[in-house]
Amino acid sequence: MTRRELISGPNFSGRSAALMALLHDEFAAECFYIGPYSEAALSGLTSTIADEIDLYRARPATKSAAMPASLGRPVFPAFDVAAFSRREPQTLSGGEQVLLALHAFSLSSYPALAIDTALEQLDPQNRDAALDYFDRRKGLAANVAMIDNRLPPPLVGWTSRERSADTHAFDCDPRRLVADLAPRQAPAITIRGLTFGYRHGNTIFRDVDLALAGGTAYRLAGPNGAGKTTLLKLLVGVLAPNAGELTLGDKPYRPWRHGNRAIALATQNPDHQWSGATLADDLARRRAAFARAVDAECFAEPRLEKLAAALGAHSLDVHLYELPLAARKRLSWLWPLAGALPWAVLDEPSLGQDLATREQLAAAIGQLTALGYGVLFVTHDDDFAARIPHRVLAIGDGRVKAL
Amino acid sequence: MTPNGGFAVGLILIALSVVEPGPRGAAVLVALALAFAIIEVRAASLLAARRAALVVLPLALFMGLVWVGIVGEAPYQIAADAVGTRAAALVYVAKLSGRLFFIVTVIQLVFLRFADLTPLQLIRALALPVAVKRMLAITLSLIETLRHAIDRAHIALIASGTLTRAPSLRNALHSWRLIQAVWLSAVTIMLGRMRDKWPVENTMARLDAALAHVPARVFAGDDRIWLPITLGAAAVTLLADLVGKP
């Protein structure tokens, strides 16, 4: 009889350690593991999708068996494996990487699978498909253990292991970041004729027109791989469009050429946004970069210390990579919620966070919007989004539609 | 042709070019490389030549500037304490650049010959001990990790207003921060994998299993044509080099 174990509880309750202990003590010597972000979802040993699948594929005992380059039988109806054949693993979106990892597992001989919050990156359709795949009645002959903040126990057919918080070291309340902010009217962002495609990929956006008003929260919604993160990267200047124009207020805005001056970004993987090893380093670089555009008071050290403390960091000298991932994710909100720039852009901000923190973050974002800031956020978490008054921008088939 | 045969032919050609063949020997080598390019690699050979030119041209220009423009004589003339000339320096730079161009082109040709194989398939097909294959796979993966780290650092530094995507004075001033961020990212990416993913999965054992396939015959198919021709050319080149020497 195979086992299904859901490890639940708040952040910092030792869920990841409990997951590892479960694997070692009760499951098997070797388990397939899908961690929260790419370095723990994919092997990192391959440079093509075919090789990633090939690496994990179950092999016959004889050494002479030459494995074909086939991409394998698809596990999820929504996951078109052949469409990924020309992509590189590291260029996949977070959700796509999780789908690839699940696909690789399905072709492997591992007797157990462990997932540490990774399913939170999947859109509802893929998430349902994954949970359906784990359903014992569907014949998956492997043990599965999972941590997921969006699955309240009890889950039918799963054994729940409830954990309670064992530390208050990282307690946070993001609402405190916006409590003292003064009202500010963010300039509108207008996009006209935006077209973009990756060099070896499909066209992501085709002649997109969009108007984003300050004082409004927008949720970018769409399936995994639709281009949500790509749009955020275009807005902050990490990518340059193939065609099209942006205006900020009534002025042309080309962040890819002149630099980002208006948008505070919190990335999906918090480690994609640090520009220093400590929080002090990171903020010092932002201070230097935005010295002309931002009120000096915003970067005053006492204020930054207060904001960091509200997110669970008791010193600006904290070494970011020594913190737990969930704590780093919380600190990634500091910059957008600090009010330094008129637009806050958050990519999957609630990822890996427990319910209480998600509620507080939603309230903070709602407050930021009420003060006149512009907010653009990406999430697959409908409950989280429902707590923020927002408008939906649907991405798909190269278009962005305001609903 | 097998990857073993391709790499053997490439290694022999490179080794012969390094022993400084005379004009006749060099002509044999170039003819053989051209034949390999036309028959085995076809149109993609132009890509190989273009890439080699991109690598070697800046180096050739720099060497020309130093030896012809500034020093004004060839290194062997300096060593022999002989009267140097710019013409001799030019010949020296041309020979050296030509040899480098040849080596880079041959390496490109061999890899392009097997461009239809994925990196894992290519390494698996080599008749090498698994430990060596593992080292090759990990070395290649480090390149991917660095690319990933560069992407990460770019996102962080552009979004934080430190750098711009387009060339700028700001980029020149803060390029050291990019280097710092890339290494920090690369280290943390590696640590992330080695802490959780690899130990839980025993991923290295999977890699060994994926690389363990040993071809039934090390050389097969067109290898049996190309290897004798290449070895024959090697003999001719070495003999041609010896003829006329005291």
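In the predicted model, 22 residues of domain 1 of chain A are in contact with 20 residues of domain 2 of chain A. On the domain 1 side of this boundary, the elements of chain A that contribute two or more residues are α4 (94-106) and α5 (124-134), and the largest share, 4 residues, comes from α4(A). Sorted by class, the side of domain 1 of chain A that touches domain 2 of chain A comprises 7 nonpolar, 9 polar and 6 charged residues. The two domains are assigned to residues 4-162 for domain 1 and residues 175-402 for domain 2 of chain A, and their centres, taken over C-alpha atoms, are separated by 29 Å.

Chain A as a whole contains 14 helices and 15 strands. Its radius of gyration is 22 Å, close to the 22 Å that the globule rule gives for 403 residues, so chain A is as compact as a globular protein of that length. The C-alpha trace of chain A spans about 65 × 50 × 35 Å along its principal axes, and 50% of the 403 residues of the chain count as buried. Among contacts in chain A between residues at least 6 apart in sequence, 75% join residues that are at least 24 apart.

An open sheet of 6 strands is found in chain A, with the order β11-β12-β13-β8-β14-β15 and mixed pairing. Strand β14 of chain A, which covers residues 391-396, pairs with β15(A) in the antiparallel sense over 4 bridges, and Leu393(A) stands opposite Ala402(A) in β15(A). Helix α13 of chain A (residues 355-370) packs on the sheet, where it touches β8 (217-221), β12 (343-347) and β13 (374-378) of chain A, and the direction of this helix makes about 150 degrees with that of β13(A).

Arg303(A) lies in helix α10 of chain A, which is formed by residues 301-310. Although Arg303(A) and Ala338(A) are 35 residues apart in sequence, their C-alpha atoms are 9.3 Å apart in space.

Between the two chains, 46 residues of chain B are in contact with 50 residues of chain A. The elements of chain B that give two or more residues to the side touching chain A are α6 (119-125), α7 (130-159), α8 (169-201) and α9 (203-211), and of these α7(B) gives the most, with 14 residues. By class, the side of chain B that touches chain A consists of 20 nonpolar, 15 polar and 11 charged residues. The domain assignment of chain B places residues 3-117 together with residues 215-242 in domain 1, and residues 130-211 in domain 2. The centres of domain 1 and domain 2 of chain B, taken over C-alpha atoms, are separated by 33 Å.

How values were computed: Residues numbered from 1 in each chain as written. Chains lettered and ligands numbered in written order. Predicted model: local features only at pLDDT ≥ 70, side-chain atom pairs only at ≥ 80, totals over all residues. Contact = placed C-beta atoms within 7 Å. Nonpolar A, V, L, I, M, F, W, Y, C, P; charged D, E, K, R; others polar. Rg over C-alpha atoms; globule rule 2.2 N^0.38 Å. Buried ≥ 20, exposed ≤ 12 C-beta atoms within 10 Å, placed from the backbone. Domains from an automatic or database assignment. Pairing = 2+ DSSP bridges. Axes fitted to C-alpha atoms, helices over the stretch in contact; angles between N-to-C directions.
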